[in-house]
Amino acid sequence: MVEVIACPAGEAPGKVRAFLRLVVIEHSVFALPFAYIAALTAMWRQSQSVHWRQLALITIAMVAARTVAMSVNRILDREYDARNPRTAQRELVTGAMTVRAAWAGTAVALAVFLASAAALSWLCLALAPVAVALLVLYSYGKRFTDFPQALLALAQCVAPLGAWIGVTGHFSAAAWALGIAVGTWIGGFDLIYACQDADVDRRVGIRSVPARYGVPAALRASAVVHAGTFAAFAWFGAAAGLGRLWLIGLVLTACVLAYEHLIVRSDDLRRINRAFFTANGVIGIGLFGFALADLFVNGLVG
C-alpha cells in the first residue's frame, strides 16, 4: 500500500532545492569534465564524430552517481557533522532536510543512474552496482581506515572509466590512465581539504591522514600524489594519441597544481577554499577545454 501525502504548495520544490544543496550539485564540475574527456576521446578514436545520445546519457549517469555518493555520505555523517562547526549548518543537521527525504532523493538518483547505465549498454548496467559500492565505501572508510582518501581516489576512477566503457563497450589503457589521474587528483586535494578538520576529526572519531599523521604529513603526501596525477595525465595523452594542445593544457595543469600546494601551508590553512574550489575548478574546466580543442583540431566532428 502506498501512502499518499498532500504537500502544501511550494513544499515539494523546497525539498528538491534542499536536496540539491545537500549534495552540492554544482560540484559535479569536478568529475564531469573528465567523463567528457574520456567519452569524446573514445568517440574520436572510434568514429571521429560526437555521439550526442551517448554523451547525454553519460552526463545523466555521472551526475546521478555522484548524487547517490554525496547523499549517502551526508546521511551517514550527519551526527559527525553536527559536532563540527564547519559542517554544523548542513541540511540534515539543521532540519532543512529530513533523513527520510534524503533517502528518497538517493533512491531517485540511484534509479536514474541504473536506467542511464542500462540505456548505454549491458556492460555498463552490469558494472553499475560495483560503481555504486565504490562510491558509498568512502563514507564508511572514515570509520575503519586512516586512509579514506585512497578509497575516494578509487571511487573517482569510476567516472572516466564508465564514460569510456559507455562509448566503446570495453576498457583500455587510456581509460585506466585517465581514471588513475582523476582518482589521484581528487584524492590528493581531499588530503588538503581534510587538514582543516584534523583536530575535530580526532575528537569525534573520524579517521584520516591529517588526523592520524598530522597536517604537514598530509600536505607532503598530497604533493606526492599530485605528482602521480601529472604522470597519469601524461600517460593518458600518450595512450590516447592526443597532441600539442593537450600537452599545453597539461603544463598549465602542473602550474595550477603547484600553485595549489604553494598557497596552503601547515601553519596557514586559510586558503584551502581557494585551492579546493578555484584551483581545482580551473584544472577541470581548463584541461577539458584543451582536450576538446585538441580533438577538434585532429578531426573530431560534432
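**Reading a predicted model: cores, helices and burial**

Visitor: Leaving aside its neighbours within four places in sequence, which residues is Phe34 in contact with?
Guide: Phe34 is in contact with Pro160, Leu178, Val182, Trp185, Phe233, Ile283, Gly284 and Leu287. Each of these pairs counts as a contact because heavy atoms lie within 4.5 Å. The model is a predicted one.

Visitor: Which residues touch the most other members of the largest nonpolar core?
Guide: Phe34 is one of them, together with Ile58, Phe113, Leu178, Phe233, Phe236 and Trp246. The core holds 82 residues. Its largest share, 12 residues, is supplied by helix H10, which spans residues 173-194.

Visitor: Which residues does the second, separate core include?
Guide: The second core has 11 residues, and Val24, Met70, Leu92 and Ala102 are among them. As a general matter, nonpolar side chains in soluble globular proteins tend to be buried together.

Visitor: Why is Ala163 called buried?
Guide: The relative accessibility of Ala163 is 0%. Buried means under 20%, and therefore Ala163 counts as buried. Ala163 belongs to helix H9. Beyond its neighbours within four places in sequence, Ala163 is in contact with Ala35, Ala38, Ala39, Ile58 and Met62. Lys15, by contrast, is 148 residues from Ala163 in sequence and 30 Å from it in space, C-alpha to C-alpha.

Visitor: Thr106 and Leu114 are both placed in helix H6. What makes Thr106 buried?
Guide: Thr106 has 6% relative accessibility, so it counts as buried; the cut-off is 20%. Not counting residues up to four places away in sequence, Thr106 touches Phe19, Val68, Ser71, Val72 and Ile75.

Visitor: Why is Leu114 called partly exposed?
Guide: The value for Leu114 is 31% relative accessibility. Partly exposed lies between the buried limit of 20% and the exposed limit of 50%, so Leu114 counts as partly exposed. With residues up to four places away in sequence left out, Leu114 touches Leu125 and Ala128.

Visitor: How do you know that the length of helix H7 is close to the one expected?
Guide: H7, residues 122-144, has 23 residues, and its first and last C-alpha atoms are 34 Å apart.

Visitor: Where does H7 bend?
Guide: H7 bends by about 40° at Tyr138. Tyr138 is one of the buried residues of H7, which also include Leu123, Ala128, Val132 and Leu135. The buried residues of H7 pack against H3, H6, H8 (148-156), H9 (158-168) and H10.

Visitor: How do H8 and H10 cross?
Guide: Their axes come within 7 Å and cross at roughly 145°, and the crossing is right-handed. Gln149, Leu152, Ala153 and Gln156 in H8 meet residues of H10 including Val182, Gly183, Asp190 and Ala194.

Note on methods:
Residues numbered from 1 in each chain as written. Predicted model: local features only at pLDDT ≥ 70, side-chain atom pairs only at ≥ 80, totals over all residues. Heavy atoms only, no water. Helix = DSSP H or I, 4+ residues; strand = E, 2+ residues; numbered from the N terminus. Buried < 20%, exposed > 50% of the residue type's maximum accessible area, 1.4 Å probe, protein only. Core = buried A, V, L, I, M, F, W, Y, C linked by side-chain atoms within 4.5 Å. Expected span 1.5 Å × (residues − 1). Bend = angle between axes of the 7 residues up to and from the residue. Axes fitted to C-alpha atoms, helices over the stretch in contact; angles between N-to-C directions. Left-handed = near helix turned anticlockwise from the far one by under 90°.
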